[in-house]
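The structure comes first, and my notes follow.

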Amino acid sequence: LVCSVIFVIIFMLEGLNTDYISLWGTSWGTLFGVILFNYALVIAVPAWLYEKEPTVDVPKVVNGSAILSTILYVLIGALGAMTMPHASQNMLESMMSGTFGIVMQICASVFAFFIIGLGIPLFCVLKRMNLTGKEMLSKTHANLFAVYLPFSISWLFYTGDWVTQLLSWGGMIFTTLVAFILPVLISLHTLEETDEPGSVLIYGSWDFTEKSSQATALKVLLVLSVLASLAGLAGNFVG
């Protein structure tokens with residue numbers, strides 16, 4: 001959060017030029033996949049629910065982190081685009097180049113190491129916990145799929161625009177299934193099998209006390225998730 005605030009301040013001090021940014025852009029090819037990938041926090045929720053303290057307010061944490069992340073995505077992305085006339089697809093590379101001074105370079109490097117770099121082993125642990133829960137897989141097989149396999153092939157995508165393409169197609173094919181569509185299907189199945197309330201109150205102030213109302217809301221959400229996935233997939237081909 002501190003690095004994000006520093007990014008915003010430096011961008012504003014550098015001067016903003018609205019001519020550098022377009023309302024609609026010129027290519028939407030990787031847009032939807034990257035957006036969906038950035039909101040894949042639901043992958044970490046099962047393991048986090050298992051580890052959190054009982055007093056933690058789950059809806060406040062999940063909704064608050066999603067809202068704050070959205071604000072930072074839009075703010076830093078827009079201000080960065082209005083500051084850099086030729087920003088690379090990975091804007092962090094431009095920020096780490098030293099063009100905007102040593103403070104920006106240090107903060108971007110710290111962000112890349114602690115948020116992105118250390119986030120990789122963190123998600124490996126979370127994925128392993130998800131796979132070993134309910135004894136779905138042994139610890140050895142979970143390590144294979146959550147740690148060894150990703151690290152063994154990820155180095156192939158470190159150069160050029162492979163990272164952007166990986167995030168785009170990975171976000172479209174895998175993230176939409178794992179983070180958006182399958183959780184809704186599981187929720188529908190759970191709704192039929194049990195009367196216990198979930199840990200995350202997704203309906204807010206809406207009154208969905210009846211199972212039929214909840215099922216209808218989940219089906220609507222499922223349709224919207226599928227439509228968003230199809231729109232993103234179409235964007236990858238058309239864009």
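I began with F7, which counts as buried at 2% relative accessibility; buried means under 20% relative accessible area, exposed over 50%, and partly exposed in between, with a 1.4 Å probe and protein chains only. I note that this is a predicted model, in which local features need pLDDT of at least 70, side-chain atom pairs count only at pLDDT 80 or more, and totals for chains, interfaces and linings use all residues. Residues are numbered from 1 along each chain as its sequence is written, and side-chain values use heavy atoms, with hydrogens and water left out.

I then listed the contacts of F7 (heavy atoms within 4.5 Å). Leaving aside residues up to four places away in sequence, F7 touches I76, M95, M104, C107, A108 and F111.

I searched the whole structure for aromatic pairs (Phe, Tyr and Trp rings, the six-membered one for Trp, with centres within 6.5 Å; planes under 30 degrees apart are stacked, over 60 edge-to-face, the rest tilted). The search returned one pair. Because F7 lies in helix α1 and F111 in helix α6, the pair ties together parts 104 residues apart in sequence. Helices here are DSSP runs of H or I with at least four residues, numbered from the N terminus. I recorded F111 as partly exposed, with a relative accessible area of 24%.

Definitions and conventions
Helix = DSSP H or I, 4+ residues; strand = E, 2+ residues; numbered from the N terminus.
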